[in-house]
Amino acid sequence: MQIHNLFDKQKTIVSFEVFPPKATVPLESIFKTTEGLQALNPDFVSITYGAAGSSSGRTLETADKVKNAYGIEALAHLTCITSSREDIDSILDQLQNHHIENILALRGDMPINKTAQENLTTNYRYAMDVITHIKSRNYFSIAAAAYPEGHMECNSLAEDTAHLQQKIVAGADFLITQVFFDNSIFYKFLDRIQKAGISAPICAGIMPLLTIKQIARIRSLCGASIPKPLQLIIDKYEHKPLDLEKAGIEYACEQITNLVANQVDGIHLYTMNKLEHSKFIIQQTGLR
Ligand code: FAD
């Protein structure tokens with residue numbers, strides 16, 4: 001089923017992000033997580049794509065299992081910045097052959113290395129370019145990434161909104177946001193994009209903060225701001241890892257409860273493959 005058809009104002013869509021194991025680890029290591037997530041009856045599960053396509057095979061295999069063994073709609077992530085048209089066509093063929101009808105179409109992060117950046121010969125400069133290509137197949141439901149605080153490379157929120165609009169015009173059917181920790185930022189983002197005429201359904205990306213290391217990593221990767229109440233939690237439990245984990249999970253639950261009360265279209269939980277935490281959050285917030 002095409003995921004965009006699942007959105008219905010009467011209920012909140014519940015989805016999970018998982019990442020496939022590295023090539024050196026048996027694929028089976030992810031199955032305990034996906035089986036456990038199946039019991040929570042999610043509307044869909046998304047499967048990440050390694051930077052520069054490094055795990056494309058694993059994304060396909062995991063999505064295949066999610067869709068065809070567990071019967072959950074699978075959303076395969078796909079990045080394009082280092083791919084040729086032939087690469088993308090080959091992946092689309094494989095997804096189609098496995099009846100995976102949903103793709104989160106992304107540009108991907110720019111290679112860090114300057115020479116690699118200069119030598120990029122890609123056909124796809126931005127996500128909207130690969131969205132146009134995927135759309136032309138007339139087979140997939142397409143999701144695109146949205147950034148409540150603006151993408152890190154973008155100079156202004158107005159430009160960021162215009163670029164999001166281009167992805168919708170190119171064919172994106174629904175949106176999933178970057179993680180955010182301050183719901184007021186998300187509500188301002190909703191306001192901004194509604195004023196720009198964007199009405200596609202949006203899944204709010206929520207990630208529980210569990211460790212100090214993770215907090216630093218998330219901040220450097222996507223620049224998400226930490227609101228005062230969360231900073232107080234971090235300061236209080238900096239040297240008490242178990243208390244920090246518990247408080248981080250509670251904070252995510254509060255964010256979700258508030259979003260659901262404000263009739264968000266969907267909650268997309270970045271599970272980090274942590275089954276027990278995900279179960280707790282979904283049950284605690286009454287989503288399942
Ligand atoms: P784009 O929409 O192309 O935007 C990239 C930058 O270009 C932005 O600054 C934008 O404002 C700018 N831009 C867009 N169009 C134009 C234009 N016409 N002119 C000038 N500037 C423009 N990465 C992975 O490697 N694997 C994953 O599985 C993965 N999953 C993700 C899931 C979600 C929900 C999110 C939010 C991100 C994910 N990412 C993943 C990270 C993503 O690849 C990066 O954030 C990447 O830097 C941008 O991808 P994009 O598709 O948003 O790019």
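The briefing below covers the ligand site, a pocket and a few single residues.

This is a predicted model, in which local features need pLDDT of at least 70, side-chain atom pairs count only at pLDDT 80 or more, and totals for chains, interfaces and linings use all residues. Residues are numbered from 1 along each chain as its sequence is written, and side-chain values use heavy atoms, with hydrogens and water left out.

**Ligand site**

- The ligand is surrounded by 26 residues, where a residue counts as near if one of its heavy atoms lies within 4 Å of the molecule.
- The closest of these residues are Y49, D109, Y147, H163 and K167.
- By class, this shell holds 12 nonpolar, 9 polar and 5 charged residues. Nonpolar covers Ala, Val, Leu, Ile, Met, Phe, Trp, Tyr, Cys and Pro; charged covers Asp, Glu, Lys and Arg; the others, Gly among them, are polar.
- At least two shell residues each come from β3 (74-79), β4 (102-106), α5 (127-135), α6 (157-170) and β6 (174-177). Helices (H or I, at least four residues) and strands (E, at least two) are DSSP runs, numbered from the N terminus.
- Helix α6 gives the largest share of the shell, 4 residues.

**Polar atoms at the ligand**

- An N or O atom in the side chain of D109 is 2.6 Å from an oxygen atom of the ligand.
- A polar side-chain atom of H77 lies 2.8 Å from a ligand oxygen atom.
- R107 places a backbone N or O atom 2.8 Å from an oxygen atom of the ligand.
- The ligand taken alone exposes 980 Å², and the protein buries 87% of that. Such areas come from the Shrake-Rupley method with a 1.4 Å probe; for residues, only the protein chains shown count as cover.

**Second largest pocket**

- The second largest pocket has a volume of about 270 Å³. On a 1 Å grid over the protein atoms alone, a pocket is an open set of points where a 1.4 Å probe fits, with protein on both sides within 12 Å along at least five of seven lines. Grid points are joined across faces, edges and corners, and the volume is the space filled by probe spheres set on the points.
- The pocket is lined by 16 residues, a lining residue being one with an atom within 4 Å of a point.
- Nearest the pocket centre lie K9, L190, Q194, I202 and D265.
- Helix α7 (residues 183-195) supplies the largest share of the lining, 6 residues.
- The lining divides into 9 nonpolar, 4 polar and 3 charged residues.

**Buried residues**

- N102, in strand β4, counts as buried because its relative accessible area is 0%. Buried means under 20%, exposed over 50%, and partly exposed in between (1.4 Å probe, protein chains only).
- The side chains of N102 and E73 make a polar contact of 3.4 Å. A polar contact is a pair of N or O atoms within 3.5 Å; within protein, one must be able to donate a hydrogen and the other to accept it, and residues adjacent in sequence count only if both atoms are side-chain atoms.
- D173 sits in the loop between α6 and β6 and is buried, at 17% relative accessibility.
- The side chain of D173 is joined to that of K135 by a polar contact of 3.5 Å.

**Exposed residues**

- N41 is in the loop between α1 (31-38) and β2 (44-47) and is exposed, at 53%.
- Q263 is in the loop between α10 (241-261) and β8 (266-270) and is exposed, at 66%.
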